[in-house]
Amino acid sequence: MNDKQHTIKAPVTVSGIGLHTGVVATMTFCPAPVNHGYKFQRIDLPGQPLVDADVDNVVDLSRGTTIEQNGARVNTVEHTLAALVGLQIDNVLIQLSGPEPPIMDGSSYEFIKPLQEVGLEEQNALRNYFEIPDEIRYQDNPRGVEIAALPLDNYRLTVMVDYNSPVLGSQHASLTEMSQFATEIASSRTFCFLHELEALYKQNLIKGGDLSNAIVVVDRVVSEDELSELAEMLGKPKVAVKKEGILNNVDLRHKNEPARHKLLDLIGDLALVGRPLKGQILAARPGHAANVAFAKRIKKKMLEVDSSPVPHYDPARVPVMDINQISAILPHRYPFLLIDKIIHLDATTVTGVKNVTMNEPFFPGHFPGNPVMPGVLQIEAMAQTGGILVLNTVPDPENYWTYFLGIDTCRFRRMVKPGDTIIFKCQLLAPIKRGIAKMSGKAFVNGKVVMEAEMSASIVKKS
């Protein structure tokens, strides 16, 4: 799985009819900045409102997942989101000229193709994975639905479906590596049973449904009169039933295509948690309602974990900035460059790492025999971390200096000694105005706060 965030290199457009609304729409995937995530934009509405792809914005689950925000609604988002997750694209603005993404062929493949053709662009920020910390479970006993998420340093999904149908029977599908999505899962099309068609039609759904963009499973004997009625409903001169129980002359792309499509839907619905996931997902008889309910449980756990003030640090992951990149921005040099790497950086927050060793030049003279890192140098290391955050707000940071203006409410909670790894986290308290930045900072060792302060700094252009 990717370490860095990705967007696309250029805009790319697809067009077609919406499955349920029957409205023809154009959808354009646009590159987006770091930490933008997935956002839809209804460019056909006044003010062109944005709709975040967020599980809290789900408003309808009638045979698809519909989200709404800022007075704008977007129907059936799951196939679009599954394509983005499957290609490990993190940041995209999806401009839509109607209420629903085009259904295309009923799968995600017609989105995958143009996105792959335009190409992906790596961004200078780590992916903000949510790693499942312990078992998360959802059950709907009346429907026989069960979904579980287990800790795993990857993203794997397994789906089992059982429709009590002589045509489909029990099926399962798995995805062990997200890189396989485009070839193994993306082409699997949406489907429904014949007995569901008329009900969906009466509910004013599937207005854009067609035998070219959905598989209709026939699980009972159908008379010629019924076939004629179906043909009229679908706007076809004639429909027939194949031996294997699929309406008209549609061939399955995989023997377990329905199970694969359920896995596709699950990936798209779980994208609504708002972050890439690491975990093992096991789902029995999932559907959109269960997927979204499960996504809400994951997001609740995510918010609980995020409320912990201790930043997560994985030494094995590639940093946002290594020491060479830090040196290109900060003017400090040995023995006064006190930050080894930056592991998180966005518009308001930065996290830096300092590995404290006995070879630090200050130890021979600071408490010989009982080496303790001076508090003033802890403050300096925090300030350098904050300096990266402030300089990140200008396009040419190498042409600016940052200077301390003040330190407030500074407290040293624990001693820092050789062998410790300090994690510094700084966050802007307010937007930078007239070159003045105010931020709060905390330093952690082994998950415990060792120092905290509020700092003010000035950013000044080099003369």
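Helices (H or I, at least four residues) and strands (E, at least two) are DSSP runs, numbered from the N terminus. This is a predicted model, in which local features need pLDDT of at least 70, side-chain atom pairs count only at pLDDT 80 or more, and totals for chains, interfaces and linings use all residues. Residues are numbered from 1 along each chain as its sequence is written, and side-chain values use heavy atoms, with hydrogens and water left out.

View 1. Welcome to helix H1, which is mostly covered: nine of its nine residues are buried. Buried here means under 20% relative accessible area, exposed means over 50%, and partly exposed lies in between (1.4 Å probe, protein chains only). Among the buried residues of H1 are Glu78, His79, Thr80 and Leu81. Just after H1, look for glutamine 88, which takes a positive phi of about 55°.

View 2. An unreviewed UniProt entry places the feature "binding site" at His79, His261 and Asp265. UniProt positions are given in the numbering used here, feature names are shortened, and annotations may be inferred rather than shown by experiment. These residues are spread over 187 residues of sequence, yet they cluster in space, with a largest C-alpha distance of 9.4 Å.

View 3. Histidine 79 sits in helix H1 (residues 78-86) and counts as buried because its relative accessibility is 4%. Its contacts (heavy atoms within 4.5 Å), not counting residues up to four places away in sequence, include Phe111, Thr190, His261 and Asp265.

**View 4. Histidine 261 beside arginine 189.** Helix H6 (residues 257-270) holds histidine 261, a residue that is buried, with a relative accessible area of 1%. Not counting residues up to four places away in sequence, histidine 261 touches His79, Gly106, Ser188, Arg189 and Thr190. The side chain of histidine 261 also reaches the backbone oxygen of arginine 189 at 3.4 Å.

View 5. The annotation "active site" in the unreviewed UniProt entry covers His288 and His366. Histidine 288 is in helix H7 (residues 288-306) and counts as buried at 12% relative accessibility. Its side chain makes a polar contact with the side chain of threonine 65 (3.3 Å). A polar contact is a pair of N or O atoms within 3.5 Å; within protein, one must be able to donate a hydrogen and the other to accept it, and residues adjacent in sequence count only if both atoms are side-chain atoms. Histidine 366 lies in the loop between strand E20 (349-355) and H9, and it counts as partly exposed at 24% relative accessibility. Not counting residues up to four places away in sequence, histidine 366 touches Pro371, Val372 and Pro374.

**View 6. Helix H9, wrapped by the structure.** Of the 17 residues of H9, 15 are buried, so H9 is largely enclosed by the rest of the structure. The expected span of a helix is 1.5 Å times one less than its number of residues. For H9 (residues 375-391) that gives 24 Å, which agrees with the 24 Å between its end C-alpha atoms.
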